[in-house]
Amino acid sequence: MSPVTMDVYSNGNVKNLETASTTVQIDDSDFLRLLDRPRPISIERNRSFEEKSFNELSSTLSPLLFHRNVEKNSFHIFDLLDHTFSPVRSSLNTPRSNHCFEPHPVFTDAWEALRRSLVYFRGQPVGTIAAIDHSSDELNYDQVFVRDFVPSALAFLMNGEPEIVKNFILKTLRLQSWEKKVDQFKLGEGVMPASFKVFHDPVRNYETLIADFGESAIGRVAPVDSGFWWIILLRAYTKSTGDSSLAEMPECQRGMRLILSLCLSEGFDTYPTLLCADGCCMIDRRMGVYGYPIEIQALFFMALRCALLLLKQDDKGKEFVELISKRLHALSYHMQSYFWLDIKQLNDIYRYKTEEYSHTAVNKFNVMPDSLPDWVFDFMPSRGGYFIGNVSPAKMDFRWFCLGNCVAILSSLATPEQSSAIMDLIESRWQELVGEMPLKICYPAFESHEWRIVTGCDPKNTRWSYHNGGSWPVLIWLLTAACIKTGRPQIARRAIELAESRLLKDNWPEYYDGKLGRYIGKQARKFQTWSIAGYLVAKMMLDDPSHLGMISLEEDKQLKPLFKRSLSWSH
């Protein structure tokens, strides 16, 4: 593929945005009092834009209502918290609290490190570099990754600095519009870049943005998740700022429609899930996630819900609103029915008959009971459950994947009961999933012959390392958001304390190795930006739970399946 470039003459000016953050230390008793406190004013109001069901939205969509009302979540925490966002913080060199408490030294260092990672284009910040580790080869760690920037963007939004996020959204949108080719094959128009970098020519005094749409990635795979994260971030910006003008721009509306066109087009699929190649998401190497990976399905679901809130109800938008509503119903039913695993469902699969035919089949995917891995019987607690990694013909990947399950909670792909069960599982299997450093990207790891077959003997994905059961500090922000939404802040607090005990002194590694996450990853970059930003977002969200509103969506009652999960296999 030819490099995608955008030449713009630079004015040479670089701004250093120094804005402070508010952090308030809240212990368990304080948090409970926060939840139990009565609202200062009781006002009867109409339901907010996001409280309306998808069926109602198809006829009453009005993007201007986003910022006028607040969200109400099906979980009890949202009935008690005031969903208003903090005002812009005062411009100071380091974050400070409105209270007399000094911020945690790790928190202060994290903000300084995050600001050092800012990337500028024509004097304006447009993102954050993946890592600033001068002790290792740069490879592509000197680029701005779409998925990596999400926690950085949330941190800046929570800190009252939305311009950085707006610049990023517009620059990546501009890159989307360029023609994309790999060899002689043209990629879909809606594909978003995996990453981009700023090239500065000091002789000609101009700057160029160079994008990577997968032609330089491991395995040459296009990033399926980039477009979903872009839509999710656009909604977070709109929710945080109360400004819908960015989302309503014709360019942003078109960008969303192009992304949606890629994943809502008709084909040979018999499932509402998206068929994907290995390496198309955070796990960007060969790790056996090809097929219908939970990470992509959860992000797909959340992006569809966000797009439904952002699309204008014009002639072009109405068509997509209808397509999205239908897909959401089918997708939620499919995921809640066939991807969900608890002890009862595990026992049912264990007793499956095979080679069934007709609509009355119970074992719809013809899964062989003998393919059940031994570890899953010990891993599954009596209380708890999770969305498994993959479901396709004769294949069920029973591995636990953190990102997919946390996004399922935040998007309300998981029912309230399933969300609580996921948190029960995390508490019951704390040593396996958290250990000494949060948080396992997946569990368990491939070893020996299985590792050789699945990864192709990948030396970076050896057992309990990197994507193969490694521990990734960035995931702590997703865990914290899920904990707050389900009313279990104590789990998040425990994980954050673990991270604080090591991240700063270890120089913010990309990931940790070992069953317990005890060792800095053998190829982990130091000063990894999303490790830094993930901690900041987790800390700020726990200190001010109202921030959760920008990244969480309430349950829609219209999406409840017609049958209970335990019966869905026989209907």
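Glu436 and Arg518 form a salt bridge whose closest N and O atoms are 2.7 Å apart, a salt bridge being a side-chain nitrogen of Lys or Arg within 4 Å of a carboxyl oxygen of Asp or Glu. Because Glu436 lies in the loop between helix 15 (430–433) and strand 14 (442–443) and Arg518 in the loop between strand 15 (512–513) and strand 16 (519–520), the pair ties together parts that are 82 residues apart in sequence. Helices (H or I, at least four residues) and strands (E, at least two) are DSSP runs numbered from the N terminus.

Glu436 is partly exposed, with a relative accessible area of 27%, and Arg518 is partly exposed at 39%; buried means under 20% relative accessible area, exposed over 50%, and partly exposed in between (1.4 Å probe, protein chains only).

## Basis of the values

This is a predicted model, in which local features need pLDDT of at least 70 and side-chain atom pairs count only at pLDDT 80 or more, while totals for chains, interfaces and linings use all residues. Residues are numbered from 1 along each chain as its sequence is written, and side-chain values use heavy atoms, with hydrogens and water left out.

Glu161 forms a salt bridge with Arg115, with the closest N and O atoms 2.9 Å apart. This pair links Glu161, in the loop between helix 4 (146–158) and helix 5 (162–176), to Arg115 in helix 3 (residues 105–116), 46 residues apart. Glu161 is buried, with a relative accessible area of 5%, and Arg115 is buried at 9%.

Glu500 and Lys539 are both buried.

## The whole structure

A search of the whole structure finds 16 salt bridges.
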